[in-house]
Amino acid sequence: MAVQQLKGIREHMIIAGKAVEQSHGDRIPVYNPATGAVIAMQPEAGVEGVDQAVQAAHRALTDSAWTTMLPAQRERLLLKLADVVEVHADELASLETLNNGKLLRFSLGMEVASAVQWLRYMAGWATKVSGDVLNLSIPFPPNTGYHAYTRLEPVGVVAAIVPWNFPLLMAVWKIAPALAAGCTVVLKPAEETPLTAIRLAELVLEAGFPAGVVNVITGRGDSTGAALTAHPLVNKISFTGSTEVGYIIARQAAQDMKKVALELGGKSPVLIFDDCDVEQAIQGAANAIFFNQGQVCTAGSRLYIQSSIYEEVVQGIAKLADDMVLGDGFSESTQIAPLISARQQERVQKYIKIGQQEGRLLTKAQDRPEQGFFVRPTVFADVDIMARVSQEEIFGPVLVANRFESEAEAIRLANQTEYGLGASVWSNDLNRVNRLVNAIKAGTVWVNTHNMLDPHMPFGGFKQSGLGREHGKAAVESYLDTKSVCVAYAS
Ligand code: NAD
């Protein structure tokens with residue numbers, strides 16, 4: 001599809017319900033990763049734009065129709081937004097593929113479809129949030145009784161900062177529970193991928209949300225992002241991205257006691273035992289790393305295989321990798337689309353060079369398209385657990401593999417990482433599966449599958465992979481504060 005035919009490219013932000021074009025700093029080029037062409041120039045919100053957006057969110061929270069809106073009305077608005085997003089599914093999916101590079105069938109069938117699913121699921125929580133009635137034991141003064149209960153109140157203005165790998169879906173993962181809880185939001189998409197977030201903010205208005213409830217500002221992380229996290233009227237920061245930036249944000253949040261949720265990096269292990277369905281495991285392990293070009297925080301980037309089937313499995317995955325067709329995300333035959341940026345391409349190529357020193361390269365060096373930010377899927381075997389490519393998050397289609405002899409060794413390898421986001425176990429031995437599920441230190445453990453998510457299933461990291469949980473009841477509660485109410489009466 002020609003870029004000119006695509007609807008929805010915007011070069012402004014949405015603040016207080018209005019398009020704002022003014023840039024406080026150099027405008028930021030937005031690229032089509034399949035060609036490297038500039039498709040939009042985005043404003044830098046800067047300190048001034050951030051302040052306008054946060055003030056708008058604060059007004060919407062304290063002095064608008066939103067302030068006194070009933071839970072059932074918030075539910076209706078979220079359901080309406082889901083419908084509006086669904087009506088614009090083709091447009092949003094095309095924008096996502098143009099801006100992020102990913103396969104159009106995933107933009108449509110996974111990213112936009114999941115955004116709709118999450119909005120509908122979270123809509124239901126608006127009317128289900130409730131506190132507790134408490135039995136107190138306070139014995140004085142004489143002849144006094146107490147009636148006590150908890151109220152769950154919105155935490156306030158939420159700064160939502162999201163990365164470029166699932167731009168629309170991750171925006172919805174933060175906005176939907178925040179709105180169900182009654183908060184207002186300032187969303188900052190990644191500088192690489194602002195387009196679907198801006199369209200989403202327009203659709204939020206079309207669905208009927210009051211101006212200022214959802215604001216979208218654009219800009220670089222260390223300027224606009226930093227100003228947003230430092231703003232005194234922001235009550236909670238919800239961040240997804242690199243662990244490195246996660247530390248910066250956690251320090252900022254600690255300075256003025258903002259609530260903070262961090263969904264960070266990963267180096268998720270895939271453990272394949274010789275009692276599994278080997279064909280299914282080969283395909284599953286390939287999908288676990290190559291889906292979205294490996295730009296997935298839970299990508300199965302470390303593969304450990306029981307010795308007796310080691311060579312069969314690694315060679316099987318390498319063959320699948322070699323057969324994969326690289327191309328534009330809009331083409332139906334494409335299996336591997338471009339990475340997000342020239343910078344990410346360079347970073348992944350650097351790791352592939354390091355991997356050649358640290359392991360046995362199984363995939364063939366084949367051509368890749370001349371234009372665009374492509375990297376071929378790559379598999380290294382016999383990589384030591386302490387090698388850099390085993391320990392550092394690459395965030396590209398690069399798999400490192402090694403063998404294990406015993407269950408105990410598999411557990412040790414799985415847990416020998418600073419991260420703890422996801423893991424998968426491939427086995428048909430029920431006893432073994434249960435032992436491994438208990439022993440693996442990760443926020444999600446999949447069995448005979450990988451990367452499957454659902455709005456009802458909490459998601460987040462152990463160790464350096466983050467703080468807090470998205471999805472499910474846990475996500476809604478993370479946007480609520482508990483107030484205890486204690487009423488004395490003459491008994
Ligand atoms: P990043 O962490 O730098 O950026 C993520 C978001 O944070 C972006 O919106 C960015 O503008 C913003 N940001 C950056 N610095 C900030 C600051 N000081 N204050 C506030 N906001 C700030 O990630 P990246 O540069 O896009 O990617 C680098 C690496 O991070 C990747 O190679 C990958 O390893 C990892 N990553 C992880 C995830 C994930 O889902 N866990 C997603 C994207 C990237």
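**Domains**

I began with the overall division: the protein splits into domain 1 (3-264 + 465-484) and domain 2 (269-455). These bounds come from an automatic or database domain assignment. I note that this is a predicted model, where local features need pLDDT of at least 70, side-chain atom pairs count only at pLDDT 80 or more, and totals for chains, interfaces and linings use all residues. Residues are numbered from 1 along each chain as its sequence is written, and side-chain values use heavy atoms, with hydrogens and water left out.

I looked up the spacing next. The centres of domain 1 and domain 2, taken over C-alpha atoms, are 31 Å apart. Their contact draws 36 residues from domain 1 and 31 residues from domain 2; contact means heavy atoms within 4.5 Å. Between them, domain 1 and domain 2 bury about 2,600 Å². Of that area, 64% is on carbon and sulfur atoms. Buried area is the accessible area (1.4 Å probe) that two parts lose on being put together, summed over both.

**Helices around α4**

I then turned to helix packing. Helices (H or I, at least four residues) and strands (E, at least two) are DSSP runs, numbered from the N terminus. Axes are lines fitted to C-alpha atoms, for helices over the stretch in contact, and angles run from 0 to 180 degrees between N-to-C directions.

Helix α3 (residues 89-100) packs on helix α4 (residues 104-125) at about 125°, with the axes 8 Å apart. That makes α3 oblique to α4. Angles under 35 degrees count as roughly parallel, over 145 as roughly antiparallel, 65 to 115 as roughly perpendicular and the rest as oblique. The α3 and α4 crossing is right-handed; a crossing is left-handed if the near helix is turned anticlockwise from the far one by less than a right angle, and right-handed if clockwise. From α3, the contact residues include Leu92, Ala93 and Glu96; from α4, they include Leu104, Leu108 and Val112. By class, I find six nonpolar, three polar and three charged residues here. Ala, Val, Leu, Ile, Met, Phe, Trp, Tyr, Cys and Pro count as nonpolar, Asp, Glu, Lys and Arg as charged, and the others, Gly among them, as polar.

Helix α2 (residues 71-87) also packs on α4, at about 170° with axes 8 Å apart. That makes α2 roughly antiparallel to α4. Among the residues that meet are Leu78, Leu81 and Val85 in α2, and Val116, Leu119 and Met122 in α4. This contact divides into 10 nonpolar, one polar and four charged residues.

**Helices α1 and α7**

The axes of helix α1 (residues 46-62) and helix α7 (residues 221-230) come within 9 Å and cross at roughly 40°. α1 and α7 are therefore oblique to each other. Their crossing is right-handed. Gly46, Val47, Val50 and Val54 in α1 meet Thr224, Ala227 and Leu228 in α7.

**Backbone checks**

Most residues other than glycine have a negative phi, and most peptide bonds are trans. I looked up two exceptions. Ala16, not a glycine, has a positive phi of about 55°. Ala16 is in the loop between β1 (13-15) and β2 (18-20). Phe140 and Pro141 are joined by a cis peptide bond, with omega about -10°. Pro141 lies in the loop between β5 (133-134) and β6 (144-154).
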